[in-house]
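Visitor: I am new to this structure. Please walk me through the model.

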Amino acid sequence: MIWLIMIVIFGASAFVSWRLRSKFNEYSQIGLSNGLSGAEVAEQMLRENGIYDVRVVSVEGMLTDHYNPQDKTVNLSADVYYGRSVAAAAVAAHECGHAVQHQVAYAPLKLRSAMVPVLTVSSQYMQWVLLAGVLLLRTTPIPLAIGVALFALTTLFSFITLPVEFDASRRALAWIQTRGVVNQREYGFAKDALWWAAMTYVVAALGSLATLLYYASLLMGGRRSN
């Protein structure tokens, strides 16, 4: 049953990733009526939210856009930074939504950021611990139990990410509509693009949960056999 669930989630993940890229490509071809670039949208949203200590920078890659709370930068891929499309505006505003969360001390973002150092360290060893746990399961369940605990932190992180991402999109959509950055038609496209982006996090969280349940079932089965 767990394997079936993982196969379904893997298929859903592949579909959502394809759909997101498809939507981004589609809405990248639709020019923003006011002619603003993604960088200009980001700068305007930051200023109008009273944020002056966050830099907007261009980074390499496609869909590599993110907000870094450590150095306070909104990092936009070239297509978003220089793009003057509905997709560029939506993504730029979404990343600025994270900057607004940081400014107002949004609780899920604070919790997520606090977990990053722990996960950075645990991720270096987690796969090896899980592998050792599976290999040594007939001898002792302790390594696998430790691996499951570490993976549980990863799964928790994935689920904490969900409200952070949905809230950033909510802030972005509210701002671009209220400030007239998009017209009604463009707003619908922006909302659709951000929804598909959010779905990638939902699928990732469910995939992490399914994997956690798989290792937990191995642990429980090993304990019973011992």
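Guide: First, a definition: Ala, Val, Leu, Ile, Met, Phe, Trp, Tyr, Cys and Pro count as nonpolar, Asp, Glu, Lys and Arg as charged, and the others, Gly among them, as polar. This is a predicted model: local features need pLDDT of at least 70, side-chain atom pairs count only at pLDDT 80 or more, and totals for chains, interfaces and linings use all residues. Residues are numbered from 1 along each chain as its sequence is written, and side-chain values use heavy atoms, with hydrogens and water left out.

Visitor: How many helices and strands are in the chain?
Guide: Helices (H or I, at least four residues) and strands (E, at least two) are DSSP runs, numbered from the N terminus. Along the sequence the pattern is α-α-β-β-β-α-α-α-α-α. The count is 7 helices and 3 strands.

Visitor: What share of the residues counts as buried?
Guide: Buried means under 20% relative accessible area, exposed over 50%, and partly exposed in between (1.4 Å probe, protein chains only). The chain has 226 residues. The buried share is 42%.

Visitor: Which element gives the largest share of the lining of the largest pocket?
Guide: A pocket, on a 1 Å grid over the protein atoms alone, is an open set of points where a 1.4 Å probe fits, with protein on both sides within 12 Å along at least five of seven lines; lining residues have an atom within 4 Å of a point. The largest pocket holds about 700 Å³ of space. Helices H1 (2-28), H4 (86-103), H5, H6 (142-178) and H7 (184-225) and strand E2 (66-68) each give two or more residues to its lining. The largest share, 6 residues, comes from H7.

Visitor: How do the residues of that lining divide into nonpolar, polar and charged?
Guide: The lining has 30 residues. Among those closest to the pocket centre are Asp 65, His 94 and Tyr 201. The division is 16 nonpolar, 9 polar and 5 charged.

Visitor: How far apart in sequence are the parts that Lys 23 and Asp 192 tie together?
Guide: Their side chains meet in a salt bridge (a side-chain nitrogen of Lys or Arg within 4 Å of a carboxyl oxygen of Asp or Glu), at 2.9 Å from N to O. Lys 23 is buried at 10% relative accessibility, while Asp 192 is partly exposed at 21%. Lys 23 lies in H1 and Asp 192 in H7, so the pair ties together parts that are 169 residues apart.

Visitor: Is Asp 167 buried or exposed?
Guide: Asp 167 forms a salt bridge with Arg 171, the closest N and O atoms being 2.5 Å apart. Both residues lie in helix H6, 4 residues apart, about one turn of the helix. With a relative accessible area of 8%, Asp 167 is buried.

Visitor: Which residue forms a salt bridge with Arg 84?
Guide: A search of the whole structure finds 6 salt bridges. In this one, the closest N and O atoms are 3.2 Å apart. Arg 84 is partly exposed at 45% relative accessibility. Its partner is Glu 40.

Visitor: Which helix holds Leu 131?
Guide: With Trp 128, Leu 135 and Leu 136, Leu 131 makes a nonpolar surface patch of about 470 Å². Leu 131 is partly exposed, with a relative accessible area of 44%. Patch residues have over 30% relative accessible area and no salt bridge, nonpolar side chains (Val, Leu, Ile, Met, Phe, Trp, Tyr) being joined within 5 Å. The helix, residues 107-135, is H5.

Technical notes. Patches are made of residues with over 30% relative accessible area and no salt bridge: like charges are joined within 9 Å, nonpolar side chains (Val, Leu, Ile, Met, Phe, Trp, Tyr) within 5 Å. Accessible areas come from the Shrake-Rupley method with a 1.4 Å probe; for residues, only the protein chains shown count as cover. Grid points are joined across faces, edges and corners, and a volume is the space filled by probe spheres set on the points.
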